[in-house]
Protein chains: 2
Amino acid sequence: MNNLLGLAVLATVVERPMHPYEMATLIRARGKDRDMGVKWGSLYTVVRNLERHGFLAVEETVRQGAHPERTIYRITDAGRAELADWARDLIATPEREQSRFQAGLSVGAVLPPDELAGLLRRRLALLDEDITAQREMLDTARREVPRLFLVEAEYELAVREAEASWVRSFLEELTAGSFPGLDLWRAWHESGRMPPEVAELAERGRTTD
Amino acid sequence: MNNLLGLAVLATVVERPMHPYEMATLIRARGKDRDMGVKWGSLYTVVRNLERHGFLAVEETVRQGAHPERTIYRITDAGRAELADWARDLIATPEREQSRFQAGLSVGAVLPPDELAGLLRRRLALLDEDITAQREMLDTARREVPRLFLVEAEYELAVREAEASWVRSFLEELTAGSFPGLDLWRAWHESGRMPPEVAELAERGRTTD
DNA sequence: CGACGTATACTCGCGAACGAGTATCAGGAT
DNA sequence: ATCCTGATACTCGTTCGCGAGTATACGTCG
């Protein structure tokens with residue numbers, strides 16, 4: 001059980017018993033699907049797993065017309081406890097999460113510096129668009145929704161802004177030419193392959209793990 | 001092929017032909033395993049996939065004593081192209097990645113505000129520790145490694161710092177009592193369950209997707 | 001009034017990922 | 001001389017996620 005969709009399900013069904021499809025609708029309406037990166041294909045699997053672990057229990061199964069049966073679940077005491085524990089853990093324990101951008105940066109040297117600069121400019125433009133859009137959405141939402149239910153969005157925005165500003169400053173070093181070793185770096189890419197003596201330099205002083 | 005371990009493999013074997021275990025050693029030595037969130041159980045699967053796609057080719061297979069056979073791979077032209085394309089994509093295209101913390105925050109209301117504050121304090125402490133450690137590591141590394149190979153670490157640090165500072169400011173609002181709706185929120189948790197009329201408020205104005 | 005889109009509600013099977021296991025060898029400690 | 005630890009090098013089986021598919025009902029537009 002480390003699929004975050006499970007958390008969204010628990011947080012939704014805690015309100016009142018309901019069937020999976022209704023959970024999905026509510027999760028979507030509250031925008032939790034974004035926060036959890038939900039893939040709907042896993043919904044029924046996840047719900048069944050939660051039941052297997054005793055966090056949900058079947059309340060009843062009803063049938064309506066020729067529709068398939070709907071199974072209505074309710075949360076158990078264990079489920080409520082799990083919901084709280086899960087939330088506690090996610091909030092209190094920072095974990096090194098892998099970011100695609102970081103991965104990209106860590107192989108950034110395989111591209112010539114000027115191309116890299118172009119890519120970063122592109123990223124920055126998209127980031128800025130996204131930031132304005134999100135900021136606008138937040139401002140709209142604040143009129144109807146208490147801030148309590150918007151903190152995740154505020155957090156996301158803050159992180160995005162930090163990323164944008166980091167990219168901007170890196171980009172400035174690249175375009176101003178003040179980034180150390182720029183010429184050398186450009187030279188490898190102009191004249192074929194990277195010299196192996198440089199590769200050795202890539203080994204970093206790794207003390208902590 | 002969207003396992004980042006594959007990117008690390010390509011970025012390593014581009015230097016010279018080698019066998020999988022050697023790739024693993026190099027990837028670890030260069031600290032790329034952190035950036036990519038590598039699980040070593042997938043190494044051989046990933047290498048075989050890269051070969052299947054024509055990005056790697058078998059150079060030779062040697063046997064040494066009673067050790068299992070070692071298969072030595074080299075990168076192909078297609079592989080080099082894929083490496084560059086992959087890097088380009090990761091760098092230029094920002095993507096909404098799901099963060100555990102954000103998920104936690106988005107169900108933060110299931111915890112009473114004072115407990116949440118405690119958890120955030122704990123997170124902040126751990127974050128601060130981590131930040132100092134990383135900063136120190138970076139400073140050490142900078143003495144031996146060109147900055148070009150440290151940008152990912154600089155980026156990571158910047159993001160961490162932004163997170164810490166967001167948490168700090170949220171925490172201040174909570175402890176100073178200036179967070180809107182604090183009393184109401186506290187009241188639900190003291191007196192049983194969350195009133196359903198509040199749940200309705202959680203639906204946010206969702207325009208963009 | 002029929003046809004087409006969209007919401008409702010759920011199932012299935014492939015396939016990637018990865019934890020755990022296996023087996024050999026080198027070198028230092030006892 | 002033998003034990004043990006840690007590095008070398010790779011395999012396997014299970015689990016889980018999830019994309020794609022299925023089938024009915026409802027509304028609406030021409």
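Glu163(B) counts as buried at 8% relative accessibility, where buried means under 20% relative accessible area, exposed over 50%, and partly exposed in between (1.4 Å probe, protein chains only). Its salt-bridge partner is Arg123(B), with the closest N and O atoms 2.8 Å apart; a salt bridge here is a side-chain nitrogen of Lys or Arg within 4 Å of a carboxyl oxygen of Asp or Glu. Arg123(B) is buried as well, at 2% relative accessibility.

This is a predicted model, in which local features need pLDDT of at least 70 and side-chain atom pairs count only at pLDDT 80 or more, while totals for chains, interfaces and linings use all residues. Side-chain values use heavy atoms, with hydrogens and water left out; residues are numbered from 1 along each chain as its sequence is written, and chains are lettered from A and ligands numbered from 1 in the order in which they are written.

**Salt bridges within chain B**

- The pair Glu163(B) and Arg123(B) is a salt bridge, and it links distant parts of the chain: Glu163(B) sits in helix 8 (residues 151-176) of chain B and Arg123(B) in helix 7 (residues 113-142) of chain B, 40 residues apart.
- Helices (H or I, at least four residues) and strands (E, at least two) are DSSP runs, numbered from the N terminus.
- Another salt bridge joins Asp183(B) to Arg186(B), with 4.0 Å between the closest N and O atoms.
- Asp183(B) and Arg186(B) are three residues apart in helix 9 (residues 182-190) of chain B, so about one helical turn separates them.
- Asp183(B) is exposed at 62% relative accessibility, whereas Arg186(B) is partly exposed at 25%.

**Salt bridges between the chains**

- Side chains of opposite charge can pair when their charged atoms come close.
- Over all chains, the structure holds 38 salt bridges.
- Across the interface of chain A and chain B, the rule finds ten salt bridges.
- One salt bridge pairs Glu115(A) with Arg88(B), the closest N and O atoms being 2.3 Å apart.
- That pair joins two chains, because Glu115(A) lies in helix 7 (residues 113-142) of chain A and Arg88(B) in helix 5 (residues 77-92) of chain B.
- Both ends are partly exposed: Glu115(A) has a relative accessible area of 26%, and Arg88(B) has 27% relative accessibility.
- Arg147(A) forms a salt bridge with Glu173(B), and their closest N and O atoms are 2.8 Å apart.

**The interface as a whole**

- The contact (heavy atoms within 4.5 Å) takes 91 residues from chain A and 91 residues from chain B.
- About 9,100 Å² is buried between chain A and chain B, 62% of it on carbon and sulfur atoms; buried area is the accessible area (1.4 Å probe) that two parts lose on being put together, summed over both.
- Between chain A and chain B, 22 residue pairs are in polar contact, both residues at pLDDT 80 or more.
- A polar contact is a pair of N or O atoms within 3.5 Å; within protein, one must be able to donate a hydrogen and the other to accept it, and residues adjacent in sequence count only if both atoms are side-chain atoms.
- Helix 8 (residues 151-176) of chain A gives the largest share of the side of chain A that touches chain B, with 13 residues.
- That side of chain A divides into 47 nonpolar, 13 polar and 31 charged residues.

**Chain A at a glance**

- Chain A has ten helices and two strands, which follow the pattern α-α-α-α-β-β-α-α-α-α-α-α along the sequence.
- Of its 209 residues, 48% count as buried.
- Among contacts in chain A with a separation of 6 or more, 60% are between residues 24 or more positions apart.
- The accessible surface of chain A comes to about 10,100 Å², with 49% belonging to carbon and sulfur atoms; the areas come from the Shrake-Rupley method with a 1.4 Å probe, and for residues only the protein chains shown count as cover.

- Ala78(A) lies in helix 5 (residues 77-92) of chain A and is partly exposed, at 36% relative accessible area.
- Not counting residues up to four places away in sequence, Ala78(A) touches Gly54(A) and Phe55(A).
- Ala125(A) is in helix 7 of chain A and is partly exposed at 41%.

Terms used: Nonpolar A, V, L, I, M, F, W, Y, C, P; charged D, E, K, R; others polar.
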